Every structure is written in C-alpha cells, then in structure tokens.
Amino acid sequence: MLRCFDASMFRDVEMSGRRGFGVSRVIFTLVFLMTFFTGPAMGPEVDTLDEVVVQGRRRVPPLTPSMTLSGEALKRFNSNTVADALRYFSGVQIKDYGGVGGVKTVNVRSMGTNHTGVVYDGIELSNAQNGQIDLGQYSLDNIEALSVYNGDRSDLLMPARQFGSAATVYMTSRRPDLDDRNYRVRASVKGGSFGTFNPAISADIRLSQRFTLSASAEWLYATGKYKFRYRRLNQDNTVAYDTTATRHNGDINALRAEVDLNGSIGKNASWHTKVYHYNSERGIPGAVVNNVWFRGERLWDNNTFAQSNVKWQQGRYSAMVNAKYAFYQTHYINKDERVLPVDNLYRQQEVYVSASGQMYLTSWWKVAAAYDFQWNSMTADLYDFCNPWRASNYGAVSTAVNAAGFSARASALINYVYDRQRARDLATDRWAFTPAIYLSYTPQRFKNLTARAFFKQSYRMPTFNDLFYTDIGNASLSPERVSQYNIGLNYESRRHGHLLSGLAFSADAYYNYVKDKIVAYPKGQQFRWTMLNLGKVDIRGLDVSASATLSPTRDMDLTLRATYTYQRAIDITNQSDPYYRDMIPYIPRHSGSAIANISWRDWGLNYSFIYVGERYSQQENIPVNYIGPWYTSDLSLSYDFSLWRIKWRAMLQVNNILDQAYDVIAGYPMPGINFKGGLTLEF
Amino acid sequence: MKTPYIILLLLTTLLLGACREDVYVVPADFTQVCPPSSADDPVTTMYLINEGNMGSNKASIDMLDYHTGVYWRNLYATRNPSVVKELGDVANDAKIYGSRLYVTINCSHKVEVMDAHTLRRIGQIDIPNCRYLAFHDGHAYVSSYVSTIIGDADAPLGEVCEVDTATLTITRRVSVGYQPEEMAILDGRLYVANSGGYRPPKYDNTVSVIDLETMTRERDIEVDINLFRLRADSHGTLWVTSRGDHKSRPGSLYRLEQLSPQAPMQVTDRYDIPVSDMAFRGDSLIYIASQWNDISATSSAAYGIISTSTGRIIANDLGNPAVTAAIVHPYCIAVHPYTGDIYLTDARNYVSSGTLYCLDPYGNLRWRTLTGDIPAAIAFLYH
C-alpha cells in the first residue's frame, strides 16, 4: 500500500508549530516547483486513512500500489462523481460517455472494467447482469475517502470476495463527525452549466451514547444540454468542416438517499448498517453520427440496498460479519420513431453474507480466513430470456508476516459458481482458484523507503449477459483470467514544521497477462453475436506518482500531486489478425494528471490537469480509428466564512478552461468550458 | 507575497497545455492490387461499400479503378471533406443508376447520392431506417424498417418509398410487411422480402407484391420465415433466401416463378442451403452460405453454383476450395460483368478491416486486399 499524505491532515497538525517565512524560502519554493513541474511525472497524494478506520492506527507496510484521496483534498476537487475523481489516479482509465448523466466506468491497468472491484463501505457492489458499476451514479457529496488498490488491500480481515478482483476501488462514505456534539447538519446547493441544480442535505445525530444516525439525501437535476464542436481540417490546413451543435437527450433527474446507523456493542464490537436508495430517470444521448442529432433512448434506474457490518476484536482475535440485500431495476425504452421500438425491464436481486476472522499467531504473524455466499438473480422481459440465478461460494485464506522491515503476505481464493437457467431448467457451474503473494522490504536505515513486489492471479466470472443474453449469451464460457506481476518502490517523508512538510513518491512497473478474455464474436448473418473466451492481452506498464506539501508561510499550504502512467497493452490473440500486437481499444500509451492545491487563510484554490495520450477506438491501430490526445484544465476556488454561528463555504469551479473539444469515447463529445457554483453550510 | 508567483506559475503550466493537435479528415489510402484492365473492358470502376459497426459512424466507400489497378480505401471523406461526420453510420446497400451511386446509410437514416464518376456528393434523401435499393423508370425504391403511413407504434410495419431520381424527393410510399429487406422489379411489379427479423418468434414469412403503377400492395406470397435476399435472374425467376430462426429452423434458398406469363409468382423449389449472398454470371447463380454452429461455437462457410436455367446445383465450391478456406465470415459476393471474376468479401470479426478477394472465373485467387469494416455491397460502373 502506497501511503501518502493528505494536505488536510497536515494542516491540522501544522497550524500550531509553523514558523514565519523568509525570502529565501520563497525562492526555494519556486525553484522546487519548477523542478517539480518539469520532471517526468508527478504524484498523487495519499493518506494514512485506512479504508475502515481513521486515526491512530499503527503504520501498515505499503505492500501494494495504491492511492487515496480523502477529506479536504477530495472536497476541493473539481469533481462531481466518484468517476471524475478517479481520473486523477495513476493506472486508471475512465470510460466516459460525456455529460452529467453519461455512463462512467473504471478500468485499472488495462485489464478491463470487469476486473475492477468496487467496494462501498466495506461491501463489494455487484452487477450480475453486466459486471460494470457505473461510477457516474456515485456522487462525491457523501464520500469521505476514495482509494484504488492494485492487487489487494493490506488488511487480512476482509470478505473473501474482495480477494478476487485484480484491482479494487474503495469508496468510504462520510462517517458521523460529532466530537462532543449531539447533532451536526450540512446542507449544500450547487448549480451551473448543463442546467444543473443539485441540492443536498445530511445530518448526523447522536441517538445515545452508543448509537449515531446519519442521513443524507441529494437531488440532481440537469437538462444535460451542452454545446460541442467537431472541427476537421484538410491536409492543406484549410477547414473541411467546423460545426457546433447542442447535445440533446442528456437530461437527468436523480435522487439519492442514504441512512447510516453506527453503534457499538460492549467494548469490543461495533456495527454499521446502511440503507441506500438511488432512483433516476435519464436520457441517453447516444453516439453523434452523420445526420443524427437526437435520439429517443430513456433509462430509469431504481437501485436499493441495505447492508450491515459487525466487527469484533479481542486480544489477538478479530472477526467480521457482513450481510447485504440489493434490488436493482432498470427500465430501458427507445421511442425514436426512426428505429424499431424497444421497451425492456430488467430486475436483479442479490443476497450476500460474509464471515471472516483473523488471529495473530505471534506478534509478527497473523492468519485469516473468510467465507462468503452470494445469490444473484435476474429477470428480464426479453424474448426467450432464461431468467437465471447464480449461487457463488467464496472461500479465502490468508497469512501475513511482518518482521525486521520485511513484510510478506500470501492469500488464496477459491470461488465456485453455480448458475441456473430457470426458464430452461438447465444448470452450469464453473470455478476459479487464485493465489496472490506480496513482499515488501523497508530498510532499517531508510525507513521512508519501501521496495515491494507482488504476484496475483485473478479472474472475472462471465456475467449473465455473457452467458444468457438472448441469442448472444454463451453458457459454456470459462472465467476470464489475469496474472499480474508488479515491482515497485515507495518513498515518503513527513517533516512537520518544515517548508517541505511532506514528500511522497512511488513507482511501479508491471506486467499483466489476460487470457481467455471474453469477447463478442460475430455469428454471421443478421448481426448476431456471441461471446467467446477468445482474447489474449499482454500489458506492460509503469505507474509513477509523486506528491509534495509545502508550507511556505504560517497560513499557507501548497500541495502538489502528479501521476504518470505508461502502458503498452497489446492484443496477442492471433497472428493472422490485422490487429495482432496492436494496442487494445481506448488504452493510451501515455497518460497523467497533476493537481495543485493552495490554501491560504480561508481561501482554497485547486488546479487540476489531466492528460490522456493518443489511442485507438477499435482493435486496429490505423488512421480511421485514431483518437488524438486530450487534456483538460480545471480550476476551483473556495472561501470559508462564519456567519450566524454557521460555517459556510462558497465554491466556484471552471472546468475545461481551455474549452477543448474532445471525445473520451469516439462519437461521444465531452463538454467544453463549463461552470459550477455552490454554497455549503454546516452547523 | 508569493501567491501571485504561484498563480503565475500555474498559468504558465496551463498555457503549456494549450496547444491541442488539430484533427484532420482521414485521407484515403491506396494500394496497387492488379494490373490495369484491358482497353475493351467496359467496366471502369468498382465501388465497395463498408458498413462499419453500429454506432461507430464508420460507413465508408472503397474504390477499385480498373484503368490503373489501384484500390482506394475510405475515399468518401477525401472526396467530400466538408460533409459533417462523413458518410455516416452503417451503410447497407449500394447501387449505380444512371451516372449516380446511391448508398443507403441505415443508422444515419438517409440515402446518400453521389456522382458515380467522381464520388462527389449530390444530395441525400432522408428515409428512416432505410435498407435496400431498387431502380425502375427514373425512380428509386427504398425499403425501410419503419413505415410512416400507418402505425401500431409498438410494432411498426415496414414500407417502400418511391424516390424521383431527378429531384431526389419521395413521391409515393407503400407499407409492406415487417422489416423489409431486398427488392426486385419484374414487369412493373416490385417484390420485397419481409423479414420480421426483429420480432422473433413472430417472424414475417412473406414476399409482398407491389403494383408500381398504383403503388399498392397486390398480395403477399408466403415463402418462409425471416426472408432476406431477393434477386431476379435473366429468366424472370426470383431467388429468395430465408435466414431461418438461427435455432431449429435452418436458413434456405427459394425459387419463385410464374408458371405462365399471366400466372402469379409462386414458390417452385427450395434448396436446403443457408445462402447469405448471391450473384449471377450468365445462367449461374453463385452463392455463399454461412452458418453458425452453437455446439462447436464456430461458423462454417459454404460456396456453390446453381444453374438458373435448370435449377440444379452444379458445384459445391467455387473451383478452388483452398482459396475460400482462409475466409472467416464470407459476407458479400459479386461477379465482374465483363471478365466473370468473382469478388468475395470477408467481414472477419466485424470490428476490424475486412478482406476483399478477387478470384478468377475458375475460383483461383488473383489478389486480395484489406477493406473497411464489414465490406457489404459492391457496384460496378460502366463507361
């Protein structure tokens, strides 16, 4: 785990012990900054927040590459959704179909969206239908911390299922922040471009000494209209066409409500229960193609889940139990009169239980085991749909040793999946066994430096769509498999009260091999496709990240973070394919991000920059599939003040300042310059 | 104060990032594929239309210039650089009538009309969900999946639009069966194959007969479910394919004839061959047939020749099976009207370049070259 620091954490610490500044320090700052910005890569920030708990925890060795954004750093960000914030993480590619309501999925180290687990407050989200979690649906409003772990998190005490993904995004919702108070209320309203109106309210209430209740609700409305531009030049640099049009049918009307209950049982146990509801109607603007400027696709999502977690610890033993029930409904219609009408209703249910336990055998050696059971079902009013259900059993064992600067960890997961097609009375089963080994070493003389390496096998089970979608599904699919090899270095130092109060750097080189990749394959006539375990992908990459916190004056902090990712992800399925050894679609060779955050007294200024290099929209790396690089610059300014014993924050954002016209996904234009303003109050 | 410095620095960084590269119209590329044709060959040009996968806006036109033997890929955008978002999304059919090339662009809901000699755009006819083309007496007939005439909004019938080729305007319409596909015109009557392919299991199973004088639907001929190709040979016989239901009911080829000049068109023969495309050479019908096998998860391709005069199957290959063995997904077939060469396309995986094979009349490979995505239709231009 790469641990970095969060500016906000240092600010709190350093307020007291900071010295004045001199001219020399200013110069140093500038010189440092320049070196930093001209360097090859810059870094993320990180923090000591562990996924589950917060302060005071013993440092865990950074076993796997990871990044975290949390607290103030996350708040200052020019991001609306979890997906927007994840763009700043190294090795992460976001598929973004544009606009407020556009689907956004995350792909870590080119292995594919379905290899990335998404965990919300300790329990993994699933979508048995297509395996993809739309992170555009998760607002940052109620998120306290956001982490991406390559391989696994450092904890051993976790549900078995979480040992299965190649990489995992952890989203942690805001925890009650009451100190000695009995309640706290936050309210905010944001609005701006795309006809966006986004009010939110949340409250933390102490019910008793042992119970706290948090409730939050958020409404997002947007017309989703924005101007986009396509401009093409002839070879002689004259303009071939230059057209600006408005994106239509990108409206959204979404409501999110969450209730959290936290409590403790005796001295040794704590529990957390969450009920989550998300309800939305949106238009799907579709690809911009010749002669088509509007579409009639509409989508209603109704996602509800309830989950509970109980943790217990006594002496060298600890245990955890999780349970979840989820109901997802998707209603899709197409009322464009130019195409054949579609009206489909999909329903999914999930029941999940997990038990895990951990024991310290000695002070430096611990072991853990976990068992999860998950049941998923799906119904759809598609012709000839088999209405499947799936029972998944997961068992995991793991162990970790930690001595003399060495850390090692090994785990193994076995997953057995049984699928039943109710409408056909047919059943299939499949299983996967995946081990992982992590090693790290921190020299006694350089405690800031850690070398690490890991090997992990992981898989993704075929989804209901892969297996059973009418005509397309192929019930005999095997799991898609990935082997990851990673080697890296991590450096971090913190010097409270110094100008350079924090510095972190990490670099990881990796090799991933994907086999039995599940790909759509044409069956021939009438555009009928099927799914086959056909692809092989060879991925070699380098993730570099760095961050620095400067405290040039008593009332000023400057945090810089940067990431750089190099990837070569090539298709090695078949030598006779015209795309053999070409880069796989939508993976740039070079990508990176930079963030600069200045806080001065009650003011905060955040600048963020993203670069995504050239890539190809289809398998063949030929000019017609080429998509040029894009980069955006976003700025946000915030001001904190107190009035009527209420804490206020006013915020103003300008995104895509340079008004760049770009597509993340070919045919799905992204917005140009856009604005957002907001006011938050807390009492 | 240092704040201004830092802001200055930030702005500098910002400006460094301010020079995004321009996007150019993707230029056509070319390859010499064959020697220049002989001077007495009346065919000057072959156009090949590539569908492009749905949503990718990658419909494209390739051209073989017989005078030079040069094959041009992706020529439309180069010849018409000012057309916003190029040719469009999913090309379906292409035919030359007079000196113009007509291409149906299914998901761009239009028929694109170009000068067949220069490939310069002349105009377009907006027809939603248009599929195939037929021509007769100064008019184009375009089949469309969605009828504007009557409607059950949940299950719209298809229609055939009549377009005046002089003005490029729709003159008349007639609604037909569900999801109509190919058409042929014989003796003032238009025959259209209805598929109902988007409403399984309620496939359509008819060929609608339209009287072009009155533009009315005379009757429907029941043939088989999920009809697709419909071609008229030189004897006035119709050859119609059924795609079956992709499950228990296999695809097949039907022969429809009028037993006497005044008699109605009727089914006279059925061939147990899942024909996916066909072309005529004299009295020969040359077909490609591809079928997916769910158990082996592979597609098998078959090729053959049927005599249009006797109705007999003359061959079960095109002469040299070694040549066709390399083809993954045969998609389109055409015969050069002068040399008798066979042009065969392979759509491969549908989302990468296809391959065009040129075979001599005996089925031996003359040359092959890469095309756009999903090479789907071929049209020949004469002097």
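I'll start with one residue in chain B. B:Asn57 is buried, at 9% relative accessibility. B:Asn57 also has a positive phi, about 55°, although it is not a glycine. Its place is the loop between strand S2 (43-50) and strand S3 (60-65) of chain B. Keep in mind throughout that this is a predicted model.

A:Arg645 is not a glycine either, and its phi is positive at about 60°. This residue sits in the loop between strand S31 (630-643) and strand S32 (646-655) of chain A. Is A:Arg645 buried or exposed? A:Arg645 is exposed, with a relative accessible area of 85%.

One more backbone item, back in chain B. The peptide bond between B:Pro200 and B:Pro201 is cis, with omega about 5°. B:Pro201 belongs to the loop between strand S14 (189-194) and strand S15 (206-211) of chain B.

Now some strand pairing in chain A. Strand S10 (residues 211-222) and strand S13 (residues 252-265) run antiparallel and are joined by twelve bridges. In that pairing A:Tyr221 stands opposite A:Asn253 in S13(A). S13(A) also pairs with strand S14 (residues 269-284) of chain A, again in the antiparallel sense, over 14 bridges. There A:Ile265 faces A:Ala269 of S14(A). The hairpin of S13(A) and S14(A) has three residues between the strands, and A:Gly266 takes a positive phi near 65° in it.

Next, salt bridges. Over all chains the structure holds 56 of them. One of these pairs A:Asp508 with A:Arg452, the closest N and O atoms being 2.4 Å apart. A:Asp508 lies in strand S24 (residues 500-522) of chain A and A:Arg452 in strand S22 (residues 449-460) of chain A, so the pair ties together parts that are 56 residues apart in sequence. Both A:Asp508 and A:Arg452 are buried.

Chain A also has a network of salt bridges, whose members include A:Asp121, A:Asp141, A:Arg175, A:Glu218, A:Arg256 and A:Lys274.

In chain B, B:Arg255 forms a salt bridge with B:Glu257, the closest N and O atoms being 3.3 Å apart. B:Arg255 counts as buried, at 9% relative accessibility. Another pair in chain B is B:Arg270 with B:Asp272, at 3.7 Å from N to O. Here B:Arg270 is partly exposed, with a relative accessible area of 40%, while B:Asp272 counts as exposed at 56%.

That leaves the interface. How many residues of chain B are in contact with chain A? The count is 79 residues of chain B, in contact with 73 residues of chain A. Between them the two chains bury about 6,500 Å², and 61% of that is on carbon and sulfur atoms.

As for specific contacts, there are two salt bridges between chain B and chain A. One of them is B:Arg348 with A:Asp577, whose closest N and O atoms are 3.7 Å apart.

On the side of chain B that touches chain A, the elements giving two or more residues are helix H1 (3-16), strand S8 (121-126), strand S21 (275-281) and strand S22 (284-293). H1(B) provides the largest share, eight residues. By class, that side of chain B has 37 nonpolar, 25 polar and 17 charged residues.

Terms used. Residues numbered from 1 in each chain as written. Chains lettered and ligands numbered in written order. Predicted model: local features only at pLDDT ≥ 70, side-chain atom pairs only at ≥ 80, totals over all residues. Heavy atoms only, no water. Contact = heavy atoms within 4.5 Å. Buried area = accessible area lost by both parts, 1.4 Å probe. Salt bridge = Lys/Arg side-chain N within 4 Å of Asp/Glu carboxyl O. Helix = DSSP H or I, 4+ residues; strand = E, 2+ residues; numbered from the N terminus. Nonpolar A, V, L, I, M, F, W, Y, C, P; charged D, E, K, R; others polar. Buried < 20%, exposed > 50% of the residue type's maximum accessible area, 1.4 Å probe, protein only. Pairing = 2+ DSSP bridges.
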